[in-house]
Protein chains: 4
Amino acid sequence: MSPRNPKEFEEIREKSKEKIIHAAFELFSTTGYWRSSISKIAKQAGISKGLMYNYFSSKEELLQAVVGKIVDVLQDFFNVDEKADPEEKMRQFFQKLFSYIENNSALMRMMIKIGLQVGHFEFVNKTSAIQYNLMIQKLESNLADLGFDDPKSEALLLGATIDGIVLQTLLLKEKDYPLAEIKEQLIQKYTHHQKPNSTQNQQS
Amino acid sequence: MSPRNPKEFEEIREKSKEKIIHAAFELFSTTGYWRSSISKIAKQAGISKGLMYNYFSSKEELLQAVVGKIVDVLQDFFNVDEKADPEEKMRQFFQKLFSYIENNSALMRMMIKIGLQVGHFEFVNKTSAIQYNLMIQKLESNLADLGFDDPKSEALLLGATIDGIVLQTLLLKEKDYPLAEIKEQLIQKYTHHQKPNSTQNQQS
Amino acid sequence: MSPRNPKEFEEIREKSKEKIIHAAFELFSTTGYWRSSISKIAKQAGISKGLMYNYFSSKEELLQAVVGKIVDVLQDFFNVDEKADPEEKMRQFFQKLFSYIENNSALMRMMIKIGLQVGHFEFVNKTSAIQYNLMIQKLESNLADLGFDDPKSEALLLGATIDGIVLQTLLLKEKDYPLAEIKEQLIQKYTHHQKPNSTQNQQS
Amino acid sequence: MSPRNPKEFEEIREKSKEKIIHAAFELFSTTGYWRSSISKIAKQAGISKGLMYNYFSSKEELLQAVVGKIVDVLQDFFNVDEKADPEEKMRQFFQKLFSYIENNSALMRMMIKIGLQVGHFEFVNKTSAIQYNLMIQKLESNLADLGFDDPKSEALLLGATIDGIVLQTLLLKEKDYPLAEIKEQLIQKYTHHQKPNSTQNQQS
DNA sequence: CATGAATGAGGCTTCATTCAT
DNA sequence: CATGAATGAAGCCTCATTCAT
């Protein structure tokens, strides 16, 4: 009898938006942006086509929301235990990264797929660049702590390596790719770094 | 008016096909597969839509041809001077690679874009995997010659790094990316490798 | 919390209806019937879409209400001082008419726009015809009083002229249209009519 | 066997365009622009929806073509026998005008309907204004020849009257509207004008 | 071999209307 | 009385593909 109050409406909206974004995320990451029609997204979300436009004014805006969601998740990547020593932080970072690669491949696929499929949407490029630079900066500071000579270049290289690993697991459909081995190698390499300026009797 | 002989026909066909593939390549790599209509491809190739279907029975088949073209180009990557010593071969490889990244970014973009945009075409995935493995094998054998301890893993890592570099130059629109520096670092790293068994007291 | 009595309800209803009709009128006349969505009308009226359907069972019924509103306004056109002499009545009519054209162009635009945009709604045509005939009759009787030979035809012609003037001010966006001059001419023409039978040797 | 030559193609295109414009004209003038869907237009023209877009890049562009067609027809209005005397020219003009009103009501309806229905398309307004001014100029020069005192104002008034007549025949669905009578009255009025500077003993 | 007119399925989007609260 | 989430038909438009010439 009594009309819904604004808070109730807000809750309904949030829930529906969530459903739609989730469905879009799933479809975009498996089928790709261009092959995911609004029809299919709506069906996957269990709503009508029209409702989509109650929440997102276009397919592109829906994409923006999905990208935003990804960015949120990415923030988590760098929340390592700040009190740990550099080696431990690096180890944690790799552990988390590979755990993501193994378990959340949808997210990783999405990140890259979106970057390359819809690169003509300016906001996607901008977001990619921002996130990427954030990662590089974190890595650089960590590598500096670890005593690397040229932490900036090393960070770029490591960043590239990480991206490449993700890319390959996606392209190669994760089949036969020795992720575990590679992870170990990276951890070894970056946590047992011999400080270049070290004298003969101090190891990191 | 004189009837053309079969050879002439064949030549005309080849030339037309070449034109179409080239146009498709250009458009796919700049605009993306889904946004490149047959109409635009035909216009870019300077032929009619109908003719396209004389040579390729569908847009997908045209894509196959484009992928084939890319594979041809990739072969060139590994044709290094076989008589050179390992260090030199590695240096040549990096030189050629970065020269491609800098000058033929369309090709690289294409390779990755296609892989991610049209990953649902099985033949694309298969081709990607084959080419990638070829590269890894070459690298592995080279790294073995260079005396690396675990050449297979090193090859995978290096392969990932290379892919990552390419990916980043594309995503970041090549702006501010210190390609030259990174190239030098890689060359240093892989051509001045200290064979692990060469000295009696080194660390891994 | 005290239960409202029927009269209060009625007042609320009337006020809300008024708001909606006013908003619809504004939008119809500026944006046109087909481009004015229920959503926009509701927003302009400051109410919810649902409420609209509490008062009007369809967009068409809302249109009917708007047309009714226009008719109300039109009644005013012919309420001239009945005790004045014919010349004065004619002058008053023109004064009022041109004042409307100049100041209430929304109303005029609406009248004509609706007539032509939604002419397939039978009630619109019927209403138009009724109102138009009312005007013609008034004019005819006035022209008869002024001594015109064929007041019916003259009324039709004058009616056409008036409609044409309105139409032009709308189509031409009122720019450069010498309204004042035309008004004077009409007043001159219809208030200084020389009664044909007033002199012994006139021509028809 | 042999491919069509460009001229043949051009003919086909012209014919199809003509069909589409004609169908659109019919539908626009009877049903109105907003209620005439591309689907209906295509069906009326006997072609597929898609073909429309081979010739007109949007519904708006189709409207432009229709408006252009109308303008072409309008040119005919003023092609009177230039060697005739002013009275005769005026008579011819009215004859032609009323013949159009009676027989080509679709055209007239279209002219006005379009002006009011799609007034938010700038090109429609511009075209209306241009055409209208052309008519006024022609009338003005004719009225000057006929010896009217203030031909410019008279022309505007007559223009308004004509527009109003057209408008009314449309709004009133031509029912009971004494077109013939009004025509006669206009012809009388404008072809038996007594030149104001005439002396007492000469009638026109 | 070559052309581009023609088709129709399907994509994105709008909007009048319904309904649970 | 009042809200706005939800629906689904229909609108405009694109595009891979076919086909007569």
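1. Which helices do the buried residues of H1(A) pack against? They pack against helix H2 (38–45), helix H3 (49–55), helix H4 (59–77) and H6 of chain A. The buried residues are Ile20(A), Ala23(A), Ala24(A), Phe25(A), Leu27(A), Phe28(A) and Ser29(A). Buried means 20 or more other C-beta atoms within 10 Å of the residue's own, with C-beta atoms placed from the backbone.

2. On provenance: this is a predicted model, where local features need pLDDT of at least 70, side-chain atom pairs count only at pLDDT 80 or more, and totals for chains, interfaces and linings use all residues. Residues are numbered from 1 along each chain as its sequence is written, and chains are lettered from A in the order in which they are written.

3. Gly32(A) follows, with a positive phi near 95 degrees.

4. Chain A puts 32 residues in contact with 32 of chain B (contact: backbone-placed C-beta atoms within 7 Å). H8(A) gives the largest share of chain A's side, 13 residues. That side has 15 nonpolar, 13 polar and four charged residues. Asp, Glu, Lys and Arg count as charged; Ala, Val, Leu, Ile, Met, Phe, Trp, Tyr, Cys and Pro as nonpolar; the others, Gly among them, as polar.

5. In chain C, the axes of H5 (86–103) and H9 (179–191) come within 9 Å and cross at roughly 165 degrees. H5(C) and H9(C) are therefore roughly antiparallel (angles over 145 degrees).

Key. Contact = placed C-beta atoms within 7 Å. Helix = DSSP H or I, 4+ residues; strand = E, 2+ residues; numbered from the N terminus. Buried ≥ 20, exposed ≤ 12 C-beta atoms within 10 Å, placed from the backbone. Axes fitted to C-alpha atoms, helices over the stretch in contact; angles between N-to-C directions. Parallel < 35°, antiparallel > 145°, perpendicular 65-115°, else oblique.
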